[in-house]
Amino acid sequence: MVFGMGYNFKSGNLNIPVNNAFDVAINHDDTWVSTDGDGIFVAHSSGIDVYSKQDPYNEILTDQFYNIHEIYDSYWFGTFNGGVAVIPKESNELTKLRKPASFTYSSIQSAISMSSLGNQFWVGFDGDGLVQYQGDKDNLTPIIPSESYVPKVITALHSQHSNSIWLGSFTEGLFKYAENGELLDHYLPYTPTASGLKHASIWSLESTYGDSLWVGTLGGLQLFNGELFTTPFSEEQMRGRVIMDLEFDGVDLWIGTESVSYTHLRAHETRGNL
């Protein structure tokens with residue numbers, strides 16, 4: 001969920017003044033906000049906590065945090081150059097997930113996408129490919145899948161069914177993998193495997209009803225019906241735009257773009273802009 005600059009969030013009687021807000025999670029009366037440069041803000045009844053690299057006790061390497069993903073009783077945060085940060089919902093102790101031994105000190109180690117699949121947790125990195133975390137929640141083991149080719153820059157992950165997962169890449173198209181890491185499908189524009197996909201850089205993925213998959217690219221929004229990718233909107237506002245984020249609330253599909261904060265759609269019809 002990409003918000004951009006200058007948003008103020010209200011939690012109870014508290015205002016959370018943040019710039020570059022990236023994602024938000026709600027846990028009972030607590031509001032968690034990740035930011036791209038100002039750390040993590042947590043507002044609760046007694047005040048606001050801030051997780052930042054300025055605090056030496058946090059052992060945080062960065063203040064750039066991306067998506068928030070709920071795993072077990074914790075929140076996982078993708079970071080810039082700091083792997084995956086983990087904070088339990090009922091605690092203020094921040095830890096970091098183990099990195100694969102093959103990761104080098106010179107690599108970026110930026111976790112930019114996450115999704116769960118069965119008892120596995122998939123994390124996509126910017127330049128370091130894919131890592132699967134398996135095992136007990138207190139002893140998760142990082143594994144790099146070796147069954148099939150995996151792109152190095154993984155911009156989006158989305159588990160649509162219990163035994164497969166979609167993976168969006170930068171410039172390499174859209175991939176679909178089985179739980180064991182086997183490559184099931186690969187869609188790449190301007191090749192025999194395109195099936196109507198128009199752009200090779202995928203920024204966001206979301207399901208709505210049935211087997212439909214919405215695909216946000218650097219060149220607009222498409223809908224995959226299980227066989228073909230279509231471009232269902234003729235309006236200029238829905239074409240040629242960078243689709244930064246897609247969120248389905250059970251009724252409306254919310255679409256974040258680089259120029260309009262959010263547009264929401266219902267029954268394939270544009271409903272309005274925020």
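Select residues 120-125 and 130-134 to begin: these are strands S12 and S13, which run antiparallel and are joined by 4 bridges. The model on the screen is predicted, so local features need a pLDDT of at least 70 and side-chain atom pairs count only at pLDDT 80 or more, while totals for chains, interfaces and linings use all residues. Residues are numbered from 1 along each chain as its sequence is written, and side-chain values use heavy atoms, with hydrogens and water left out.

**The sheet around S12 and S13**

Within this pair, pick tryptophan 122 and look across to glutamine 132, its bridge partner in S13. Now widen the selection to the open sheet of 4 strands, which has the order S11-S12-S13-S14 with antiparallel pairing. Strand S11 (111-117) and strand S14 (141-143) stand at its edges with a single partner strand each, so one side of each has no neighbour in the sheet. Looking along the sheet, the twist averages 25° from one strand to the next; the axes behind that angle are lines fitted to C-alpha atoms, for helices over the stretch in contact, and angles run from 0 to 180 degrees between N-to-C directions.

Select S8 and ask how many of its residues are buried. The count is 6 of 6, so the strand is mostly covered, where buried means under 20% relative accessible area, exposed means over 50%, and partly exposed is in between, with a 1.4 Å probe and protein chains only. Show the side chains and you will find Ser74, Trp76 and Gly78 pointing one way from S8, with Tyr75, Phe77 and Thr79 pointing the other way. In a regular strand the side chains alternate between the two faces of the sheet.

On one side, S8 is joined to S7 by 5 bridges in the antiparallel sense, and isoleucine 68 has phenylalanine 77 as its bridge partner in S8. The hairpin of S7 and S8 has 2 residues between the strands, and there tyrosine 72 takes a positive phi near 55°.

S8 also pairs with S9, again antiparallel, over 5 bridges. Phenylalanine 77 has alanine 85 as its bridge partner in S9, and serine 74 has proline 88. In this hairpin, with 4 residues between the strands, asparagine 81 takes a positive phi near 65°.

Stay in the loop between strand S8 (74-79) and strand S9 (84-88) and select phenylalanine 80, which is partly exposed at a relative accessible area of 34%.

**A salt bridge**

Select glutamate 70 and lysine 89, which form a salt bridge whose closest N and O atoms are 2.1 Å apart. A salt bridge is a side-chain nitrogen of Lys or Arg within 4 Å of a carboxyl oxygen of Asp or Glu, and by this rule the count comes to 1. Glutamate 70 lies in strand S7 (residues 65-71) and lysine 89 in the loop between S9 and S10, so the pair ties together parts that are 19 residues apart in sequence. Glutamate 70 is partly exposed, with a relative accessible area of 48%, whereas lysine 89 is buried at 13%.

A search of the whole structure finds 1 cavity of 30 Å³ or more. On a 1 Å grid over the protein atoms alone, a cavity is a set of points where a 1.4 Å probe fits but cannot get out, a pocket is an open set with protein on both sides within 12 Å along at least five of seven lines, and lining residues have an atom within 4 Å of a point. Grid points are joined across faces, edges and corners, and a volume is the space filled by probe spheres set on the points.

The largest cavity holds about 50 Å³ of space, and its lining includes Ile60, Phe65, Thr79 and Ala85.

Finish at the second largest pocket, with a volume of about 370 Å³. Among its 16 lining residues, Ser74, Val86, Thr95, Lys137 and Asp138 lie nearest its centre. S8, S9 and strand S10 (95-96) are the elements that give two or more residues to this lining.

Conventions. Pairing = 2+ DSSP bridges.
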